Each structure stands twice: as structure tokens, then as C-alpha cells.
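Reader: Could you take me through this model and tell me what stands behind the labels you use?

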Amino acid sequence: MRPEAGSGRGAPAEARRGLVQPRPRLRLQLQLQPRPRLPSSVAMDEQKETLQRIVSTLANKNDEIHNFIDTLNQTIRNVQVNSSKVIRELDEEFDALYSVLDEMKGTMANTIQQERAHKIQALHNQLSQCGNALESSEELLELAARTLNIMDPTEFSKAARQIKDRVTMASAFRISLKPSISDSMTHLMVDFSLERHALQALRFLPVPKAPEIDIAACLVADNCITVSWRMPEEDSRVDHFVLEYRKTNFDGFARVKDEQPWEVIDYIKDTEYTLSGLKFDKKYMNVRVQACNKAVAGEYSDPVTLETKAFVFNLDNTSSHLNLKVEDTYVEWEPTGGKGQEKVKGKENKGSGQYPVLKSNKRSGAPSPKRTSIGTRPTAKGSRDRFTGESYTVLGDTTIESGQHYWEVRAQKDCKSYSVGVTYKNLGKFDQLGKTNSSWCIHINNWLQSTFSAKHNNKSKTLDIPIPDRIGVYCNFDGGQLMFYNANSKELLYAFRTKFTQPLLPGFMIWCGGLSVSTGLQVPSAVKTLQKSENGLNSSTCSLNSVAQ
């Protein structure tokens, strides 16, 4: 190899190679002279013994650091020697194939140089750390040596403690004494003996073609989306696929200003992938796929829009009881929340007030993976009286007028009493869920002892089953079915069968605790299957249905 320009011939050889010379080793010969025993000499002797152990530990650590510096310097030399060896071998290979590999040679040589610089820099950093640790350690040694000559017990004790604290935090005990970089450069060695005859035909890897999403094989169910695709032609060089998806309310071309960023799933080896645990709070999901080989990524497939409409609602805080703190899909009972509320006495005002701002959700059945037109929701503007008295009630802000819908409710562990169900919009401000002929619910009471019951028209049926921590509510408006499930096991808890004659609202009552509502859920497949089998419900599960008209 030719010497590099400006290498500085007058400089020492070690300096030209970038090596750091170790400091002269500091050898402290500490001899403790016996001194007259003072009144507090026992404590002082104990502290001296502790300090002597510290001095010995520091001295050993200094030797270790000196040895490690030697190791680092040797590692640097090895990196330089081995990298030079690799460069020579690279030169030999390129000499034979220079006409076709000239550009590749420069690229690979630069990679090796960068690797060498990286390794040397890392080792120099360790050298610097070791130098700093060594300097600090030597200062502590000198300070410890001076401290041993202090005769005043109080001053000695204070100085010893300070030294002990500094030793505890000394960097000499925190640095690693193992080279952070290996001196091996074998991962950059080359051998073109097999490729020499094939290099003339060397070409860049072709860019993969765009995959084609198989819409018929895509599936949307149980808040999961399975996307399937295929390559337009066989390509053995494809290494993996990238799937991107985003939620949207638009069925058609993307709206740049309104669209959310793409979510990315990378390194998919198969031609099918399932996105699970999704919340369908938008009407559609855009998906696209691209194929990648070892070098480049191809073009994206044509985006496909899958319908993901589900029942989405928030809790209506404009009409909820003042003792309830309502935030979107969470409600919590607050005992002081209604102090400013005017006390009202009297019977239920069934026909008073107007209705809240309501959104009408016409359908949210099982979505099919194909494009559909954009739908609209009619809304009714206005306001209704707040629930008051002992009706600690909050309603959903979206009506159910047709179709099949599903949502889930989870209560806090310390919740004393709560109800989950549906009601017509005419529920009076003093009314409680299940105590009118226009509301249906299940009620959980954990006050004193736990009770679980179904309620409608002020009639109650005790349910002799365990209370689940999460309850699923299934409402088939057209089929007149309201079913409650254990959301984890999908076990049926209770079912109402009736004929719904007015739009429904999800309803919740809560006392001493809080409820979390999960919306944007499709009707689970297990619930659909169970619902079909419940068409022949017996009287034990439907004893309240005769009054549910």
C-alpha cells in the first residue's frame, strides 16, 4: 500500500498510527506508621482499615485499566492490520476483474474504510473513557494517601466518608473492560472466484410488479380484516410484502387533506394477512400492498376500500344526571356532582321536554368486503331534560332504528350498582331503566350482597349465574331481540324478545363507580351463531317478554 500524503514522517510511529500512549503507572507505596492511640482511635482504626481496602481496590482497578488500555491499543493495531489485509485482497480481486468491477471496487473499499473508522473511533472512545477513569482514580489514590496522614479524628472521619462516597460513584467501577468492537474484519473479506465468469451478465434485480388484491377473498368480521393478494406473475425474487391500511369515511378517491396517514405492516412473508383488534369508528378501510425483493420495493397495488361500518356512539352528557361525569364513552358517578341541582319533587313527567341531539344509525350489519356508496345519518336537533332524582342515567347519542348492533360494557371493580340496556327516547327524567314498559336492561347490584337480574316494565327476574366483568349487548331491532352476553366467553346471560315500535337508545345507570363502553364493534360471529339458535327461547330466558310490548 502507498503511504498516504501528509502522514508526518517526523512524528513517532505510534502517533502516526493513531495510538494513545498509556500514562506512566502510578505506584503508591503506602506505609502506615504506627501513631499514638487517641481516645477515638478504635473508630479511627476501623476507618483506616476500610480506607486501606479501598486503596487496594483502586490500585487493582488501575492495573486493570492499564491492561485494558494495552488491549485497546492492540485491538487498534489489529484493526489496522486486518483492514489493510482486506484492502489488499480486495485489490487482488479487482485487479483480475477491474474492467467490470471498477465502480464496485470503490464502493466496497469505502465500506471497509468506514468500518475501520467506525471501529477505531469506538475504541478511541473507550480509550478516552479509560483515561478519564484512570485520572479520576489516581486523584482518589492521592487524596486517600493524604487522608491517611490526618491526625484529627473528626477531620479524618469526614475526609474518609467523602472518599468512600466518591469511590462509590467512581467511573473506574462503571466502565466496561471489554473492547466494544471486535478487531475482526472477516465479514468484509471478498472472494470472486465463483462469480468472476458471471460478472459480465450482472444486472440489477428487477423491480417487483404491483400485487393484485383479491377482493373476493378478503374478509371483514369480528373487528378483523383479512386481506388476500397475489402477484400478477410468478416472481421468485420477491422476499416479502408490505401492507398499508388507513381508516376513512370516503368510498372512492382519497381526500388528501382529510385522510389519516397510512399504518404499515412490514415483512409479511405470506400473501394473506389479518389485521385484528380493530375499532371500526370509520365507515371504510383503505388497504394496499407492495412487493419487495432484497434490494428494492415495487409499486403499490391499487388501493381497495372495504366497508367497516359498525355501531358507533358516545354518551350524551347534555341530558345525563348531574351526579354523573361523562366523557365520550366513559361515565363515573360523583356524589358531589349534583349539589347545584335544584331539588324537584313530583311524579314522572313522561311527556315533558324535547329530545336530545340524536344521530340515526340505520344499519350496521356484517360488512362485506366490497365498495358501497356513502350513506347519511338523519339527525334530530333539540334538547331534553336532564335525568334527576335517583335516576342516575346517561343515554347514548345515536339511535337504533333498524339492523343488528353490538357494544360492550365494563364496570369498575368497586362499582356498587349499575344497569345496561336500551330504551325508547321517551324515558322520563325520573325514570329508571327497566322500570318502564319502554326500557329493557340487566341490573347488577354489589351493595351488601351481589345480585344479578333482568328488568322490564318494573318486573325483575333474578339470574342465577356469575356476573361477568365485561358484558356484550346485542340488539336486533328488526327481529325484536335484545340479548346480553358474557363478552369474554360469548355465553348468553339473558334475552328479551319483543317488537320494537320506536327508535332505541343505549341506556346506562350507574351508582358508586364507573362504566366504560366499547363501541365501533361488529356483531361477533359467535353471537350471530348463538342468536340463530335462540329463536326457540324457552320461558326461563324470556319470562319478561310477555310484557315487553
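Author: Two strands pair if DSSP finds at least two bridges between them. This is a predicted model, where local features need pLDDT of at least 70 and side-chain atom pairs count only at pLDDT 80 or more, while totals for chains, interfaces and linings use all residues. Residues are numbered from 1 along each chain as its sequence is written, and side-chain values use heavy atoms, leaving out hydrogens and water.

Reader: How do you know that β18 and β19 pair?

Author: The pairing rule asks for at least two bridges, and 6 bridges join β18 to strand β19 (residues 451–456), with the two running antiparallel. Across that pairing, W440 sits opposite H456 in β19. The hairpin of β18 and β19 has 5 residues between the strands, and L448 there takes a positive phi near 65°.

Reader: Why is β18 called largely enclosed?

Author: Buried means under 20% relative accessible area, exposed over 50%, and partly exposed in between (1.4 Å probe, protein chains only). In strand β18 (residues 439–445), 6 of the 7 residues are buried, so the rest of the structure largely encloses this strand.

Reader: What makes T399 buried?

Author: T399 is at 2% relative accessibility, and the cut-off is under 20%, so this residue counts as buried. T399 lies in strand β15 (residues 398–400).

Reader: Why is the pair T399 and E401 called a polar contact?

Author: That term takes a pair of N or O atoms within 3.5 Å; within protein, one must be able to donate a hydrogen and the other to accept it, and residues adjacent in sequence count only if both atoms are side-chain atoms. The side chains of T399 and E401 come to 3.4 Å, so the pair qualifies.

Reader: What is the predictor's confidence across the chain?

Author: pLDDT is the predictor's confidence in each residue, from 0 to 100. The chain averages 79, and 75% of the residues score at least 70. Over residues 25–32 the pLDDT is below 50; that stretch has 14 contacts (heavy atoms within 4.5 Å) in the model beyond near neighbours in sequence.

Reader: And how many helices and strands are there in the chain?

Author: The secondary structure comes to 4 helices and 25 strands. Of the 549 residues in the chain, 43% are buried.
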